[in-house]
There are 2 protein chains.
Amino acid sequence: MNKQVKLAMRPVGMPTEETWTLEESAIPTIEEGQFLLRQDYISLDPAMRGWMNDAKSYIPPVQIGEVMRAGSIGEVVESKHPNFQVGDAVTGWGGVQQYIATDGKGFYKVDTKLAPAPTYIGTLGMPGMTAYFGILEVGKIKEGETVLVSGAAGAVGSVVGQIAKIKGCTVVGIAGGPDKCKYVVEELGFDACIDYKNENVYKGLKKAAPKGYDVYFDNVGGEILDIALTQIRMWARIVICGAISQYNNKESVKGPSNYLSLLVNRGTMTGMVVMDYTKDFGTAAQNMGMWMAQGKLKSKEDIYTGIENFYTTFQRLFNGKKMGKLVLKISE
Amino acid sequence: MNKQVKLAMRPVGMPTEETWTLEESAIPTIEEGQFLLRQDYISLDPAMRGWMNDAKSYIPPVQIGEVMRAGSIGEVVESKHPNFQVGDAVTGWGGVQQYIATDGKGFYKVDTKLAPAPTYIGTLGMPGMTAYFGILEVGKIKEGETVLVSGAAGAVGSVVGQIAKIKGCTVVGIAGGPDKCKYVVEELGFDACIDYKNENVYKGLKKAAPKGYDVYFDNVGGEILDIALTQIRMWARIVICGAISQYNNKESVKGPSNYLSLLVNRGTMTGMVVMDYTKDFGTAAQNMGMWMAQGKLKSKEDIYTGIENFYTTFQRLFNGKKMGKLVLKISE
């Protein structure tokens, strides 16, 4: 049988157990030009929350009754497609379901001998690509600059900071809790990390970089974006990648009150969506694979098991109870 | 005698009559290397409100007891300076005072045969330069794009919109009241104008440009910035030039709740300060002078008289009771 997690209703605020239903149906049969993918791992990302809202965004919302959208990786178990053979490892937008029959559009083959499968939906997947293009193309970091990253222990932030270190920047992270901060500094090599749950972020930022920040990579929005705005240097670039603190708001999003710091400092705040860089994913994967092989870029996945645990695992995105890239193993 | 308006106290919220004092003193005597400027006109600009706050900004605040900072234009009446002769028309940061003795730093000569003196502190002065570099260098407008300007009847906004028309854009303005909107469309040639005091701005923006806006030049901040954010197109540029709606707030500035539209649309929001472009002022003045001569760029000054009327004239910046560039004639 094929277990699928479908969107049952549009959540207001934080999703609940009723937001999705787990359904079982027959494993799909493939037609000419299709292959059947057994999906082993799915990626859990904060952006998924946005896809559940019935609002204009960079991709259409998931419809009620549809399989929940998610990045995935698995193995071809049956094929009538000329380019995909049984045994191929394939990643793409497979959604939260154990099997999918597809014509291969939006899927591509990867080599799980070079890196473990979960890494292809983490550092070598969308989160890693987001970090790579966000900090290099939008943040435009230069050697010697000071970079601030929120969500520093997360799938995107951890890669952002490591790339900035590779490029010769001073890197300060913001993360929730002493364990995450320790991980960010000791394992990932950030120069400092501010524990927003236990420290005064304003003072922490000032202490870590008294001259301020040239680039702020924002994954969280809210208060932290506002504080970061007070600490930017002249000609600073703020990369708006996400706003996890605001995704489950029942009221309107908190706008950055200190946005006029952009004027004082001739700063710029730019939104980014990773899909815009698809044509350069190959180069990015090569570079990041090389850095991983050289030990300069570490990838950490936090893997849970069981498609029936989708909801409780999803919650970890927002309650902070995870370390690194959140992944769910869904094959049995 | 020399009448001077000095900052008496730091206002909280809207300045009052007590904010400044009018003082009289002897006309200053000049030393070797100085000249004496009789100041005929001063420029009144919303930015002056920001200079009165004791806060880090792009220039130091005016200190209590100092002459209020203002752009000015006047005539040299005495000179011991090799480069400035009696009779020269000179513009610079003369402040709100009838006479100033200066070594000429920050002042430059202009030709009042080519344009009337008040124009040199308006369209050919800081407001015009702000418009020119803001829309061309920061807004990066291209022919065929749709441009939105708030404060459209003001000193900066009116020039922004006209330059955008000259460059082949569709231009929509936002202004307060039917007279200003009529002026913006009929005299300045904007394609449309939304009267925010009498119209629903959201509906007005949608109607004027159903496909949205490529560039938004923001002089006002607050609600209008928030509404504009909902109407931007992909890859839009928002120029943060000012936030007149927020300058007299007693509480914190209203941040733009809809800033995540930057993410959805890959937009960018950039702050600008005209002083950064000083080296190119000559080119800008040439271009704008040419457009004025060709009748493509209109300049309108709203001139009041009497240094003793500084406070009541200053109020017009914020109560909207003016049309075009606000100027005060201070020579007697």
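1. Before the helix pairs, a word on geometry: axes are lines fitted to C-alpha atoms, for helices over the stretch in contact, and angles run from 0 to 180 degrees between N-to-C directions. Helices (H or I, at least four residues) and strands (E, at least two) are DSSP runs, numbered from the N terminus. Keep in mind that this is a predicted model, where local features need pLDDT of at least 70, side-chain atom pairs count only at pLDDT 80 or more, and totals for chains, interfaces and linings use all residues. Residues are numbered from 1 along each chain as its sequence is written, with chains lettered from A and ligands numbered from 1 in the order in which they are written.

2. Start with α2(B) and helix α8 (residues 281-293) of chain B: their axes are 10 Å apart and the angle is about 95°. α2(B) and α8(B) are therefore roughly perpendicular to each other; the label covers angles of 65 to 115 degrees, while under 35 is roughly parallel, over 145 roughly antiparallel and the rest oblique. On the α2(B) side, Gly128(B), Met129(B), Tyr132(B) and Phe133(B) meet Phe281(B), Ala284(B) and Met288(B) of α8(B). Contact here means that two C-beta atoms, placed from the backbone, lie within 7 Å. The residues of this contact come out as 6 nonpolar, 1 polar and no charged.

3. How does α2(B) sit against α3(B), and at what angle? Helix α2 (residues 126-138) of chain B packs on helix α3 (residues 157-166) of chain B at about 45°, with the axes 8 Å apart. That makes α2(B) oblique to α3(B). From α2(B), the contact uses Pro127(B), Gly128(B), Ala131(B), Tyr132(B), Gly134(B), Ile135(B) and Leu136(B), and from α3(B) it uses Val159(B), Val160(B), Ile163(B) and Ala164(B). That set divides into 9 nonpolar, 2 polar and no charged residues.

4. Over in chain A, Phe133(A) is part of helix α2 (residues 126-138). Phe133(A) is buried, with 22 other C-beta atoms within 10 Å. The cut-offs: 20 or more such atoms within 10 Å is buried, 12 or fewer is exposed, and in between is partly exposed. Beyond its neighbours within four places in sequence, Phe133(A) is in contact with Val138(A), Met272(A), Val274(A), Tyr277(A) and Ala284(A). The C-alpha atoms of Phe133(A) and Val160(A) are separated by 9.2 Å, and the two residues are 27 residues apart along the chain.

5. Which residues have the most contacts inside the largest nonpolar core? They are Val147(A) and Val147(B), in a core of 182 residues. A nonpolar core is a set of buried Ala, Val, Leu, Ile, Met, Phe, Trp, Tyr and Cys residues joined through C-beta atoms within 7 Å. Setting aside neighbours within four places in sequence, the contacts of Val147(A) include Ile141(A), Ala164(A), Cys169(A), Tyr213(A) and Phe217(A).

6. Now α6(B). 6 of the 8 residues of helix α6 (residues 222-229) of chain B are buried, so the helix is largely enclosed by the rest of the structure. The buried ones are Ile224(B), Leu225(B), Asp226(B), Ile227(B), Ala228(B) and Leu229(B). They pack against β8, β9 (170-175), α5 (201-208), β11 (213-218), β12 and α7 (261-264) of chain B.

7. Asn258(B) links to that helix. Asn258(B) sits in the loop between β12 and α7 of chain B and counts as partly exposed, with 19 C-beta neighbours inside 10 Å. Outside four places in sequence, Asn258(B) is in contact with Asp226(B), Leu229(B) and Thr230(B).

8. Lys140(B) has a positive phi of about 50° although it is not a glycine; Lys140(B) is in the loop between α2 and β8 (146-150) and is partly exposed, with 14 other C-beta atoms within 10 Å. Trp235(B), also not a glycine, has a positive phi of about 60°. Trp235(B) belongs to strand β12 (residues 232-240) and counts as exposed, with 12 C-beta neighbours inside 10 Å.

How values were computed
Nonpolar A, V, L, I, M, F, W, Y, C, P; charged D, E, K, R; others polar.
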